[in-house]
Amino acid sequence: MNLIEKLGGYTEAKRAVENDVLEQFAPYTHETARKELLEYRREHKIYEVGDYVLTIDACFSVEPLKLVEYCGSEFKYTFPGHFGYILKSKMSTAWRHATDAEIEANKRLPHVGDTVSYGAYFCGEFETGRGKITQIDKDYITLDNHMIVDISEIVQ
């Protein structure tokens, strides 16, 4: 049973972390509890200040954006030298949490469900298009329009 289940839900688990009452729930530490809470938010499309996000449309942002403030109906985000606002109502349909690997690399990595643009040579002609990623292999991605594209041909 995980910490969230033990404490009766996400809100209670978050409160336990914030109020520093984890010692009675060994072997949980603040680090493991925070990771569990983040994984829960990622799975359930819950967004909070401090989270890193990317749009589902890969053409909008290359770097993960950090949510720095909640302003009633929208989040303020930052990335080096810039800031902006995201309507909370759009978070679960147009945005996703950045993965740990994307945060560490400070760039978008191919992700199933993202919409991407591509430019590739097919039968000697350059072709462009857009599609939603449905599968990722080592060097290729498969799009919902059944195109198989070399990862290097994704336009970011």
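This is a predicted model: local features need pLDDT of at least 70, side-chain atom pairs count only at pLDDT 80 or more; totals for chains, interfaces and linings use all residues.
When contacts between residues at least 6 apart in sequence are considered, 41% of them join residues at least 24 apart.

- The largest pocket has a volume of about 430 Å³, and its lining is made up of 21 residues, of which Arg34, Leu38, Arg41, Gly50 and Asp51 lie nearest its centre.
- Two or more lining residues of this largest pocket are given by each of the elements α2 (10-18), α3 (30-44) and α5 (100-105), and the largest share, eight residues, comes from α3.
- By class, the lining of the largest pocket divides into 11 charged, eight nonpolar and two polar residues.
- The second largest pocket holds about 200 Å³ of space, and of the 13 residues that line this second pocket, Arg42, Lys45, Arg96, His97 and His111 are the closest to its centre.
- Strand β5 (residues 95-97) provides the largest share of the lining of the second largest pocket, namely three residues, while the classes represented in that lining are five nonpolar, four polar and four charged residues.

**Nonpolar cores**

- The largest nonpolar core has 11 residues, which are Leu3, Ile4, Leu7, Tyr10, Ala13, Ala16, Val17, Leu22, Tyr28, Ala33 and Leu37.
- The elements α1 (3-6), α2 and α3 each give two or more residues to this core, and α2 contributes the largest share of the core, with four residues.
- Leu37, a member of this core, touches Ile4, Tyr10, Ala13, Lys14 and Val17 when residues up to four places away in sequence are not counted.
- A second, separate core consists of nine residues, among them Tyr47, Leu65, Ile86 and Trp95.

- Lys45, which is one of the residues closest to the centre of the second largest pocket, is found in the loop between α3 and β1 (52-55), and its phi is near 55 degrees, a positive value in a residue other than glycine.
- Because its relative accessibility is 44%, Lys45 counts as partly exposed, a class that lies between the buried limit of under 20% and the exposed limit of over 50%.
- With a relative accessible area of 37%, Asn106 is partly exposed.

**His82 and its strand**

- His82 is found in strand β4 (residues 82-87) and is partly exposed, since its relative accessible area is 46%.
- Although His82 and Leu65 are 17 residues apart along the chain, their C-alpha atoms are separated by 9.6 Å, and Leu65 is one of the residues included in the second core.

Terms used. Residues are numbered from 1 along each chain as its sequence is written. Side-chain values use heavy atoms; hydrogens and water are left out. Contact means heavy atoms within 4.5 Å. On a 1 Å grid over the protein atoms alone, a cavity is a set of points where a 1.4 Å probe fits but cannot get out, and a pocket is an open set with protein on both sides within 12 Å along at least five of seven lines; lining residues have an atom within 4 Å of a point. Grid points are joined across faces, edges and corners, and a volume is the space filled by probe spheres set on the points. Ala, Val, Leu, Ile, Met, Phe, Trp, Tyr, Cys and Pro count as nonpolar, Asp, Glu, Lys and Arg as charged, and the others, Gly among them, as polar. A nonpolar core is a set of buried Ala, Val, Leu, Ile, Met, Phe, Trp, Tyr and Cys residues joined through side-chain atoms within 4.5 Å. Buried means under 20% relative accessible area, exposed over 50%, partly exposed in between (1.4 Å probe, protein chains only).
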